[in-house]
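Here is a friendly walk through a two-chain structure, written to be read with the viewer open. Have a look first, and then we can go through the parts together.

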Amino acid sequence: MNRFEHVYVLNVMSDDHPGIVAAVSNAIESLGGNIDACSQTVLGGYFTLIMICSVPESIDPDALAGRVLEAGAGGFDFRVMVRPSRGLRRPVTQESCDRFVISAFGKDQPGVVRRFSQYLAGKDINIVDLYGDRKDDEFVLVGQLEVPQHWDIRMLQTDLEQMGLDLGFTVKLQHENVFVATNQLRLTTAMGPAN
Amino acid sequence: MLRTDEILSTIHMLHAEHLDVRTVTLALNVEDCAAPNVEHLCRKLRQKLISRASRLVEICDRVAAKYGIPIINKRLAITPASTLLAGHGRGAALQVAKTLDDAAAECRVDFVGGFTALVHKGIAAGDDVVIQSLPEVLANTHRVCASINVASRKAGINMDAIQTVGHVILKIAAATAAQQGFGCAKLVVFANIPEDNPFMAGAYVGAGEPEATINIGVSGPGVVSSALRRRLALDNKLTLGDLAEEIKITSFRVTRVGELIGREVAKELGVAFGIVDLSLAPTPTVGDSVGEILKMLGIAQIGAPGSTAALAMLNDAVKKGGLFASSSVGGLSGAFIPVSEDAALSEAVAKGHLVLEKLEAMTSVCSVGLDMIAIPGDTPAETISAIIADEMAIGVVNDKTTAVRLIPVPGAKAGDMVNFGGLFGSTPVMEVRNSGASTAFVRFGGRIPAPMQSLKN
């Protein structure tokens, strides 16, 4: 639920350095606005931020972007994109899903992410979080997935393992409860933990 | 949402450090299979095992695949065979054992435990049938495991039973001489036997247990030693307290995996979830070893002074981590030190660092007892009984489970190597010092009374 009537989604990309969030939040506050939700990631020295903010008075998205840019640029390569939020929610699928984690390790080569993501898309499996990292010629890919319950997990596992064999990758598809059980204090459930 | 570092750390534990679930054991009450006619008894027994356990392996395989965690053994445990065999003879014992063996094979389970007699205060008719039939039963079955409880905190130590068991162990060894006395590896002699133990050879279902439950034995020596190695590489100023903390955290993670698997298998099978046994159970694979952990803790030669203290710390940390992870802890729950099944322990015996007496001291602070120890085939029965009596005394006085699984290897002398194969591993035959010097003590017989500590009411 947003605090004010006029809601915007704001995206910032910049070289990573201290003070970016402070600058962005200052700009929002100067409009009497509120930050309703935000998430940031730093990858390869680059900072990216997605934020849902709401303000009491309507403002042109470009003007809001300009306000944030002015507050934050300070000589850095700083880009801002703003658009009015339409309050999007992920479409609810017809059937419930279970949470699984795919992990793949192997010698890096172009097309790894494409091959796996294409397969998952073809099965209507949603990727809710994705991590990839190349180190010393090795690539590791970890994805958190929502898998529709009608799929036979062992069939998916066999397909993915075969795809891994073709690429020279070790691929595993495991229910997320095993990761919850080994790392977190919350309870696991047969359907995956409540989020 | 899970964090990537959490996912990567678990994947490392599963795939690089070989975390597995050592056993899923279906515990079944079979008392309702009793019948005056042995053929009738065996038909009921077979029917019950097949109807209850035929889906166990398939369910375990499915759950193991879902979580990406191997389940190494699928097993059955039953209420003591002595109850079924009361009023029958030794011929019936072999028929019952073969029925168990065949049903276990049909269900594709690895072992069936519960060929058991509880004789801590005295030997009843059914118990005697079980004990006397053991040489024949263990020589003629593959999957049947036996246990005898000869002592308890409340009853004391039944020296008459121990005297008998000493002779029976030698007979089992003789009956399985072609397999280097391997039949003895399928018999455990206990003090304070746990009623919900999922590990073999001592698994059985005690009085008060439900009709059917799933009990889990986790593994993890390899995971613990990897965690210690990683921590030691990061920091060279660690104290033993820091290392205990690392073991505790690892034990928490391992136990949570066990409980996750156990609850799901139980649900799918439509039976109650019983317990997670927190034991660290080694395998002969290099690295998956409790001895290796002792080395990580700075004991360069296992058996050297400090070994008992290090093992006590390990055992305690495993319990503390596991207790927080699960409210359903049971079984043996402690570190195992089965000599032939643990490559580092076996090596320590071969090098002369680890002797029987030091092992006995170590068992006073960890789980089980003198386990998977090969001894010379000419060890007198009374000496075997006396070794058992010593171990039972540790259990009774300290109010803990202790056990003995000795294998007198026919024709073998101290120092000879024996190989039992697979998870049972290999070991040098250990020297038994002062052999024959306890005969008069054992021949007194009777019962060593329960200690003062038993009178708590």
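## Two helices that meet in chain A

Let's start with a helix pair. In helix 1 of chain A, the residues I20(A), A23(A), V24(A), N26(A), A27(A) and S30(A) meet R67(A), V68(A), A71(A) and G72(A) of helix 2 of chain A. By class, the residues of this contact divide into 6 nonpolar, 3 polar and 1 charged. Please keep in mind that the model is predicted.

Two packed helices are described by the angle between their axes and the distance between the axes. What are these values here, for helix 1 and helix 2 of chain A? The axes of helix 1 (residues 20–30) and helix 2 (residues 61–72) of chain A come within 8 Å, and they cross at roughly 135°. Helix 1 and helix 2 of chain A are therefore oblique to each other. Their crossing is right-handed.

## The sheet under the helices

Chain A has an open sheet of 4 strands in the order 2-3-1-4, with antiparallel pairing. Its edge strands are strand 2 (34–43) and strand 4 (78–84) of chain A, each of which pairs on one side only. From one strand to the next, the twist averages 15°.

Strand 1 and strand 4 of chain A run antiparallel and are joined by 7 bridges. Across this pairing, L10(A) stands opposite V82(A) in strand 4 of chain A. Helix 2 of chain A packs on the sheet and touches strand 1 and strand 4 of chain A, with a direction that makes about 155° with that of strand 4. Helix 1 of chain A lies across strand 1, strand 2 and strand 3 (46–55) of chain A, running at about 20° to strand 3.

## A closer look at V7(A)

V7(A) is found in strand 1 (residues 6–15) of chain A. Is V7(A) buried or partly exposed? V7(A) has 18 C-beta neighbours inside 10 Å, so it counts as partly exposed.

Which residues touch V7(A), leaving aside its neighbours within four places in sequence? The contacts of V7(A) are N2(A), I52(A), S54(A), S85(A) and G87(A). For a sense of distance, V7(A) and D62(A) are 55 residues apart along the chain, and their C-alpha atoms are separated by 14 Å.

## Another open sheet in chain A

In chain A, 4 strands also form an open sheet in the order 6-7-5-8, and the pairing is antiparallel. Strand 6 (126–135) and strand 8 (169–175) of chain A are the edge strands, each pairing on one side only. Here the twist from one strand to the next averages 15°.

Strand 5 (residues 97–107) and strand 7 (residues 138–148) of chain A run antiparallel, with 11 bridges joining them. G106(A) has F139(A), in strand 7 of chain A, as its bridge partner.

## Where the chains touch

The contact takes 23 residues from chain A and 20 residues from chain B. On the side of chain A that touches chain B, at least two residues each are supplied by strand 5, strand 6, strand 7, helix 4 (153–167), strand 8 and helix 5 (177–183) of chain A. The largest share, 7 residues, comes from helix 5 of chain A. Sorted by class, this side of chain A has 9 nonpolar, 10 polar and 4 charged residues.

## Parallel strands in chain B

Strand 2 (residues 71–78) of chain B is mostly covered, with 7 of its 8 residues buried. Strand 2 of chain B pairs in the parallel sense with strand 1 (residues 21–28) of chain B over 7 bridges, and with strand 3 (residues 111–118) of chain B, also in the parallel sense, over 3 bridges.

L76(B) in strand 2 of chain B takes part in both pairings: L26(B) stands opposite L76(B), and L76(B) stands opposite V112(B) in strand 3 of chain B.

## Backbone details worth checking in chain B

Most residues other than glycine have a negative phi, and most peptide bonds are trans. Q180(B), in the loop between helix 7 (159–175) and strand 6 of chain B, has a positive phi near 60°. Q180(B) is buried, with 24 other C-beta atoms within 10 Å.

S333(B) has a positive phi near 45° and lies in the loop between strand 9 (329–330) and helix 12 (343–350) of chain B. S333(B) counts as buried, with 24 C-beta neighbours inside 10 Å. Finally, a cis peptide bond with omega of about 15° joins M200(B) and A201(B); A201(B) is in the loop between strand 6 (187–191) and strand 7 (212–218) of chain B.

Methods
Residues numbered from 1 in each chain as written. Chains lettered and ligands numbered in written order. Predicted model: local features only at pLDDT ≥ 70, side-chain atom pairs only at ≥ 80, totals over all residues. Buried ≥ 20, exposed ≤ 12 C-beta atoms within 10 Å, placed from the backbone. Contact = placed C-beta atoms within 7 Å. Pairing = 2+ DSSP bridges. Axes fitted to C-alpha atoms, helices over the stretch in contact; angles between N-to-C directions. Nonpolar A, V, L, I, M, F, W, Y, C, P; charged D, E, K, R; others polar. Parallel < 35°, antiparallel > 145°, perpendicular 65-115°, else oblique. Left-handed = near helix turned anticlockwise from the far one by under 90°.
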